[in-house]
Amino acid sequence: MALYVKAAEIVERVESKRGSVKDLVYNSGHQNIKQLFALVCETLKYAGILKEIIGSTKLLKQEKKLQLSVAKVLVYDLLFGKGVKCGGNWKAIITKHRSQLKSALARLKVKRKVSRNEDLIVSKASGSQGCRVPRYVRVNLLKTSTNDVIDYFRRDGFIYRGRATSVNDLKHLKGKEFICDLHLPELLVFPSTIDLHQHFLYTAGHIILQDKASCLPAHLLNPPQGSHVIDACAAPGNKTSHLAAILRNKGYVLEGKGNHRILQHR
């Protein structure tokens, strides 16, 4: 139950622009950061769809004590995740409305003329002039190689389209297609609808879900092996691990954030 309470709190704060997902998750003190981060990100990704389903079923009117942010997290896990994991009253409440919620999801897919859940997001955004940011995945070169990760994804049913030749190549990614980034050879690019939080390569630490903007500082610095590097804004540590990968673990990285004690990595 603590997972859903914390996830709902973070979702509400992010939606009201009172913090970023990374800062709120990594400063939450929750025992399973990866699980919390995945649940928050996926709930936010489906937020519009979830709100529509909750509204059409009048869930909040039937369950007066259920807040919208908590309902979003619970309904996400019920309909799009691996099922509600908590016990107690919340599981009983959401289970009671399972048939109603699943019927609402089915009607919405018929209305949008899509067959897969992830296509609901694309359908909702198709009329927008905005651009959807693709999913960036950095290969952790301390544990594996880019070629090995590409081969693993291909064996897992993904379609590799080679290296990008221009930013326009990113606009045409769909389904399970992916490409290698135009500028960073260890950065792979997937459609925004792809969720890799439960993928073996992510849980094993072979890949890191990291935006391209966050990868650029270490890439542009490109310190030679044996360097001493200071990362003065290190939370949650993705740029620090990127620096360590570039150094091939031959050098020193000092990391810290704000007034926190600086930590030394060799």
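This is a predicted model: local features need pLDDT of at least 70, side-chain atom pairs count only at pLDDT 80 or more; totals for chains, interfaces and linings use all residues.
Trainee: What makes helix 4 roughly perpendicular to helix 6?

Mentor: Start with the angle. Helix 4 (residues 47-56) and helix 6 (residues 68-79) pack at about 100°, with their axes 10 Å apart. Angles of 65 to 115 degrees count as roughly perpendicular. Therefore helix 4 is roughly perpendicular to helix 6.

Trainee: Which residues in helix 4 and helix 6 meet?

Mentor: Helix 4 brings A47, L50, K51, I53 and I54. Helix 6 brings L68, A71, K72, V75, Y76 and L79. To be in contact, heavy atoms must lie within 4.5 Å.

Trainee: Now the second largest pocket. Why is it said to lie between domain 1 and domain 2?

Mentor: Look at its lining. Domain 1 (1-123) and domain 2 (135-212) both give residues to it, so the pocket lies between them.

Trainee: Which residues lie nearest the centre of the second largest pocket?

Mentor: F37, C41, P134, R135 and D211, out of 18 lining residues. The space in this pocket is about 620 Å³.

Trainee: Which element supplies the largest share of the lining of the second largest pocket?

Mentor: Helix 3, with 5 residues. Helix 2 (21-26), helix 3 (33-45) and strand 1 (135-139) each supply at least two.

Trainee: What kinds of residue make up that lining?

Mentor: The lining of the second largest pocket has 9 nonpolar, 3 polar and 6 charged residues.

Methods: Residues are numbered from 1 along each chain as its sequence is written. Side-chain values use heavy atoms; hydrogens and water are left out. Axes are lines fitted to C-alpha atoms, for helices over the stretch in contact, and angles run from 0 to 180 degrees between N-to-C directions. Helices (H or I, at least four residues) and strands (E, at least two) are DSSP runs, numbered from the N terminus. Angles under 35 degrees count as roughly parallel, over 145 as roughly antiparallel, 65 to 115 as roughly perpendicular and the rest as oblique. On a 1 Å grid over the protein atoms alone, a cavity is a set of points where a 1.4 Å probe fits but cannot get out, and a pocket is an open set with protein on both sides within 12 Å along at least five of seven lines; lining residues have an atom within 4 Å of a point. Grid points are joined across faces, edges and corners, and a volume is the space filled by probe spheres set on the points. Ala, Val, Leu, Ile, Met, Phe, Trp, Tyr, Cys and Pro count as nonpolar, Asp, Glu, Lys and Arg as charged, and the others, Gly among them, as polar. Domain bounds come from an automatic or database domain assignment.
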